[in-house]
Amino acid sequence: MTAPTRRVALKVLGGTLGAGAFAYAAQPIARWAAGVSLEETLRRHYKELTREELAQILRHIEAQTHETYGVEVQVRDLPPQEGVSFGYALNLSLCIGCRKCAEACHVENNHDRRTNNSYIRVLEMEQGSFDMERGQVDYDHTVPAPGKYYMPVQCHQCDNAPCVSVCPVEATWKERDGVVVVDYDWCIGCRYCEAACPYHARRFNWSKPEIPAAEINPDQGYLSNRIRPQGVVEKCTFCLHRTRRGQLPACLEACPTGARVFGNLLDPDSDLRWVLEHKRVYVLKEELGTKPRFFYFFDV
Amino acid sequence: MTDPADPIRLPDAPAPRSMAEPALTYLRFLRRAIALAFQGSWRFFAWMIVLSAIALVGMNAWGHQLLRGMQVTDLSDHVSWGLYIANFTFGVGLAAGAVMMVIPAYLYDDHDMHDVVIIGELLAIAAIVVCMGFVIVDMGRPDRLWHILPGIGRFHWPVSMLTWDVVVLNGYFLLNLHIAGYLLYQRYLGRRPKRRWYLPFVFLSIFWAISIHTVTAFLYQGLGGRPFWNSALLAPRFIATAFISGPAFVIIVLEVVRRYSSMKIGDGPSETLARVMRITVLLNLFMLASELFTALYTGGAHASAVRYLFFGAHGHHGLVPYIWTAVTLNVASAILLHLPRSRADRRWLLAACACAFVGVYLEKGMGLIVPAFIPSTLHELVEYAPSMTEWKVSAGIWAFGLMVLTVAIKIGLSVWTGRLTAQESAPEARA
């Protein structure tokens, strides 16, 4: 065999082996691509959908949930109410750190069961200190513990929200009633918002959320608690699927001490306005200029 | 460029016989250039096969990540960016650093540098390819990439710094693709390149190089909730480190080219780049000291990330080995570069470059991205150590980038040294 033919033979052999290795290595990508639905990939941004298109998508999601979990759910898109601007206040003198709010959030919002996800984290703080560095989230003892107070933290629905500014594709925005929402079908999963949020309010779906069919909350909102896809960011929406039709957030209903006050900032007769006008109120990390709609106060 | 003595120069405007002829000539150039990627010595093949294998392992790992979700990484809601974004950041610096060949070549008329400047431009292209790779593997939904295309998706410009990064990185990619492509193609045709078709782009690319790394720094330093990044010194440090890693890498590449190709390269370009590094390594150490002083002397919660990074906190020390290795290598490179031996003996210079390159890689990658998340914004201390998937995917992207660079330089040098020209191939077309 002459040198050039040997060379050619080697190249053909190498090329074949290479192509085989490529085909083998690309298998998982091919399997992933086969599972990506074209309809979902080409779905437009929430704000660009007509009411009819949106209605069609809602039915589609319901059908899909039925197919996957065998559960009848209702996915709605409730618009913000006129003359309503939501705010939330939390009485630190009453909070006992029982984490019932975090639990209720977990159930209400169809969170991943494996990670025990929730939009609320409760910090056990040292009496006489605002230093979160000295706080604990993974306390495991009877509450309230002596010498401690408790500070639940969730999305502050900032009026100057860094998470909204940084999103490169406008997948997250502020609604007219003050709630910051995410279009789960538009988010590209870059997690820049997670880096930008000063309150650890955002969560990423590191895997497809796992929920037993029997535990699925069938009352779902397109922009809130519907079962999220894998690879997108989610957050607290003040339970807008409830609050936009006059109900209270799940975390408030679960609170055994009445530490939580939710309401309309524009209604002068609301409990919330009374708290803001009569209590010593503060917001978390005010110096960052994020203008939260979530207020803390003490009962003194 | 400046080679009036080119013996095989064609007339400036040969009359095309048909409208399609220039296009056909160009396609023939592309075909012959690509064919070069499949020819070479056994060393070349061995190198490319090893890189291909690593790239395939990476691609496979990424596939698993797509299927199972990013739970296969060690990232969490506490540390939501890690190895991928660290590599991305370093890659942007590498791309920007390549401009340190362009500035002497075009602004200061350094003729030795002019002869090899094409390598810098090709490095910029390969580095941007690497950056784009790391952005895509970090995305939870790469299938929705089109959402970020201006005009087609919803481009949140000018508010989101990430959209600025899309603009400047793609702009820099296209600029260098045009400059390198135009110069090489004209050389292939044996024509003198027209200054108006490349010089304005070259000068634009110099500003653009600074902008890509400034914008990338702004991406981080504009976040008020992350005190570790929220420092005006971040962008200057990014530029300084870019002008360490870029020149260091180019010096090593020049040595490889010198050793394994027929291209004659003098000591001039390497020495010029080493002179740049002698300044930037010190500048970077100075800025590091300044940041450390501010954080540690002031103390308090704003310094907790720095304390965790350098000394560990509450029994967690995950990043301590990374950062002290980085500091040690950076100091070592500064010492080596200032020893007279590094001027006389190329091996010393290469050792200094290797130290500087790895030092900056560790400092700017794991040492800069991860500690901003530890402790988290609610001051929880959750550590992060890249998973095997992350290492595989990252190695795969770097391997692919090196393949792009190798092929680009191989084609570039073949054209540059006159081994690949339109003349020999075109008797049938020109007859």
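I began with helix 5 of chain B, which bends by about 45 degrees at Val117(B). I took the bend as the angle between axes fitted to the seven residues ending at a residue and the seven starting there. Helices (H or I, at least four residues) and strands (E, at least two) are DSSP runs, numbered from the N terminus.

A note on provenance: this is a predicted model, where local features need pLDDT of at least 70, side-chain atom pairs count only at pLDDT 80 or more, and totals for chains, interfaces and linings use all residues. Residues are numbered from 1 along each chain as written, while chains are lettered from A and ligands numbered from 1 in the order written.

Next I checked burial (buried: 20 or more other C-beta atoms, placed from the backbone, within 10 Å of a residue's own; exposed: 12 or fewer; partly exposed: in between). In helix 5 of chain B, 22 of the 28 residues are buried, so the rest of the structure largely encloses this helix.

Beyond neighbours within four places in sequence, its partners include Ala95(B), Ala124(B), Ile128(B) and Trp208(B).

Last, the interface: 51 residues of chain A are in contact with 43 residues of chain B. Helix 2 of chain A gives the largest share of chain A's side, 5 residues.

Note on methods:
Two residues are in contact if their C-beta atoms, placed from the backbone, lie within 7 Å.
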